[in-house]
Every structure is written in structure tokens, then in C-alpha cells.
Amino acid sequence: MRFVVISLLFNVYWFSAALGPPSFQWLMVAMLLGAILYDRSVMWAIAVLTPVGLIGDSLLLHTQWLAVDTEYVVMPLWLLLLWLGFCSFVWLMRDLILARAFWFMAALGSLGGASSYWAGERLGVLSFPQSLWVTGAVLIGVWLVYSIFLINLMQWLQHQLRARSTATRREP
């Protein structure tokens, strides 16, 4: 049940980014705050996981693999909020993700991540300056790297948080 609820909420979050910039950004911020209130360790996940996507998508934007119609310094605010929400989502789903075979989850992340850009392109929130097939192959590769890196970072972060929790319980 937790998986279904969190997944549905993330889909609302994703559609708020894809269909509503900037009118639904308040909803995205409220949902992020809700995720943090639900599980405070989301803050650690955001701090550790989000830079991976921000750096990667900034490179995709600046190398013309992706294009957006809005003016931005590094990337549009809705895309920044989307990465914050995505990293919160994967952190809240970490038990499910980390319990599955590593390469299965990396492959699933690769296809799922790339397809979200394709959906965003179909909805008109971004475009692909290069051909669809070449961009699709690049995005699948990029998301394979993202997935491998994010899964490893989640394993490391979960270990760090458990070690910190254990050390805190031992202190008098």
C-alpha cells in the first residue's frame, strides 16, 4: 500500500512539473515539505542524491540534448524541483529498490527515467534538438549511469544513517 500511495503522489508531483510550470510550483514545494515531515532522512537523500541529476541535466541542457522554452541560469526551477522530488521519491522507496537485484533496478531506472523525458517532450515541456532515436539512446545511457550511481549512493547513505543511528543509541 505504501508503494502505491507514494507512487501516486510522485505522479501528481511529476505532472505538476510537466503540466503546470510555474503555476503548480507551490504544490511541488508543499509536497516536498510533506515528504520531509513524513521521513526526515529525506533531507539527507536530497542533499546527497539530487546533485547527480542537477549536474547531469545541466550538461544535457547546455550540450543541446534537451531544450526548454524558458529562460534559466542553470536549469528551469520546475526541473530543479522535479529532481528534488524524484530523489525524495526514490529515498522513500529505498527498501523496495535496494531489495531488488541491482542490475534489474538499474535497467528499470534507465528505461523509466528516459521515458519520463519522452513524456515531457510529448507534453511540450521540453524538446529534443537532436533526432528522437539518438536522443532516446543517449537518455537511456545517461539514466543507466544515473541509476547505477543513485543506487550506490542510496546504499551508502542508508549505511551512514544506520551507523549514525546506532552510534546515537549507544551514547549515554
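At roughly what angle do the axes of helix H2 and helix H4 cross? In this predicted model, local features need pLDDT of at least 70 and side-chain atom pairs count only at pLDDT 80 or more, whereas totals for chains, interfaces and linings use all residues. Residues are numbered from 1 along each chain as its sequence is written, and side-chain values use heavy atoms, with hydrogens and water left out.

To the question, then: the axes of H2 (residues 25-38) and H4 (residues 77-92) come within 10 Å and cross at roughly 25°, where axes are lines fitted to C-alpha atoms, for helices over the stretch in contact, with angles from 0 to 180 degrees between N-to-C directions, and helices are DSSP runs (H or I, at least four residues) numbered from the N terminus. H2 and H4 are therefore roughly parallel to each other, whereas H1 (residues 2-19) crosses H4 at roughly 175°, and H1 and H4 are therefore roughly antiparallel; the cut-offs are under 35 degrees for roughly parallel and over 145 for roughly antiparallel.

As for contacts, meaning heavy atoms within 4.5 Å, the residues of H2 that meet H4 include Met28, Leu32 and Tyr38, while those of H1 that meet H4 include Phe10 and Trp14. The residues of the contact of H1 with H4 divide into 11 nonpolar, 2 polar and 1 charged, with Ala, Val, Leu, Ile, Met, Phe, Trp, Tyr, Cys and Pro counted as nonpolar, Asp, Glu, Lys and Arg as charged, and the others, Gly among them, as polar.

Definitions and conventions
Helix = DSSP H or I, 4+ residues; strand = E, 2+ residues; numbered from the N terminus. Parallel < 35°, antiparallel > 145°, perpendicular 65-115°, else oblique.
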